[in-house]
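Below is a short note on the fold, arranged as numbered points. Please read it alongside the model.

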Amino acid sequence: VDKFLFMIFLHFFRRFMSSSLSDVSERIISIVSGYGKLEIDRLALVLRKGGVVAVPTDTIYGVAALAQNKEAVRKLYDIKGRNFKKPVAICVSEREEIPKWGHVTSTTEKILRDLLPGPMTVVLKRTSNLNSDLNPHTFAIGIRIPNNDLIRDLERACGEPLALTSANISNHQSTISIEEFKEIWPNVDLIVDGGVLHDGTRQGSTVVDLSSDGCFEIIRKGCAYEKTLAVLQQN
């Protein structure tokens, strides 16, 4: 009897595992050989419905949701187990979009032209246009324009900024391949496989605070520290 029950258990376990693997594979989009409108439309549809997607960026892998969607932002935090008091940045596709979400002065405008697109996050005073439930504990917002066509095309397709943070459990090592964040796969709606990213440092973007006109502070050195510092010193 015990052997019979074990065989039944093994049969259903194998079916369950096969079904689970099949479900995951259907949610993985490979762009190693490129992508097109079909992939962007599929990702944008999921985001508009309040979903969360995992994507490669110009630094490390990230998870993204629509920044203006309160429930989607909450889901983003829950997936990572992230403290809600810790802010996340937003991504836009063009520099011209930045003033809608962060206050830009004549001084910071030139710095933005020199830094973006690129692996930098600029911190500005937030505007009232931004979702009040996004980073409610701070007056500032980090803004990125990644040097990454996929992210920028996706933001254009959605017509609003993406909230973006690293694809990992909070405080764990950043990831450069989708296999490195398997623990969050079950909770992510779509996973974009861009292959192994060529940033062995795993440092993420350089974060610079430009929220006080005429002053700057590099909050995180990141992967573009030297370039960022050079631009700031020139301005």
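1. Which backbone oxygen lies 3.1 Å from a polar atom of the side chain of Trp185? That of Ile178 does; a polar contact here is a pair of N or O atoms within 3.5 Å, where within protein one must be able to donate a hydrogen and the other to accept it, and residues adjacent in sequence count only if both atoms are side-chain atoms.

2. On the basis of the note: this is a predicted model, in which local features need pLDDT of at least 70 and side-chain atom pairs count only at pLDDT 80 or more, while totals for chains, interfaces and linings use all residues. Residues are numbered from 1 along each chain as its sequence is written, and side-chain values use heavy atoms, with hydrogens and water left out.

3. Trp185 sits in the loop between strand S7 (162-166) and strand S8 (190-193); helices (H or I, at least four residues) and strands (E, at least two) are DSSP runs, numbered from the N terminus. Trp185 counts as buried because its relative accessibility is 11%, buried being under 20% relative accessible area, exposed over 50% and partly exposed in between (1.4 Å probe, protein chains only). Leaving out residues up to four places away in sequence, Trp185 touches Val24, Arg27, Ile28, Ile178, Glu179 and Ile191, contact meaning heavy atoms within 4.5 Å. Val24 is 161 residues from Trp185 along the chain, yet their C-alpha atoms are separated by 7.5 Å.

4. Ser174 is also placed in the loop between S7 and S8. With 12% relative accessibility, Ser174 counts as buried. Its side chain reaches the backbone oxygen of Arg202 at 2.7 Å. Beyond neighbours within four places in sequence, the contacts of Ser174 are Ile60, Asn168, Glu180 and Arg202.

5. The strands form an open, mixed sheet of ten, in the order S1-S8-S2-S3-S7-S4-S6-S5-S9-S10; two strands pair if DSSP finds at least two bridges between them. Strand S1 (28-30) and S10 are at the edges with a single partner strand each, so one side of each has no neighbour in the sheet. From one strand to the next the twist averages 35 degrees, with axes as lines fitted to C-alpha atoms (for helices over the stretch in contact) and angles running from 0 to 180 degrees between N-to-C directions. Helix H6 (residues 149-158) packs on the sheet and touches S2, S3, strand S4 (89-91), S7 and S8.

6. S5 is largely enclosed by the rest of the structure, because five of its six residues are buried. S5 runs parallel to strand S9 (residues 206-209), joined by four bridges, and Met120 stands opposite Thr206 there. With S6 the pairing of S5 is antiparallel, over five bridges; Val122 has Ile143 as its bridge partner.

7. The largest nonpolar core has 45 residues, and Leu134, Ile143 and Phe181 have the most contacts inside it. Such a core is a set of buried Ala, Val, Leu, Ile, Met, Phe, Trp, Tyr and Cys residues joined through side-chain atoms within 4.5 Å. Helix H3 (70-80) and strand S6 (140-144) are among the elements that each supply at least two residues, and H3 gives the most, with five. A second, separate core of 20 residues includes Ile29, Ala44, Leu154 and Val192.

8. In H7, the buried residues include Thr228, Val231 and Leu232. The face turned away from the buried side of H7 carries exposed Glu226, Gln233 and Gln234.
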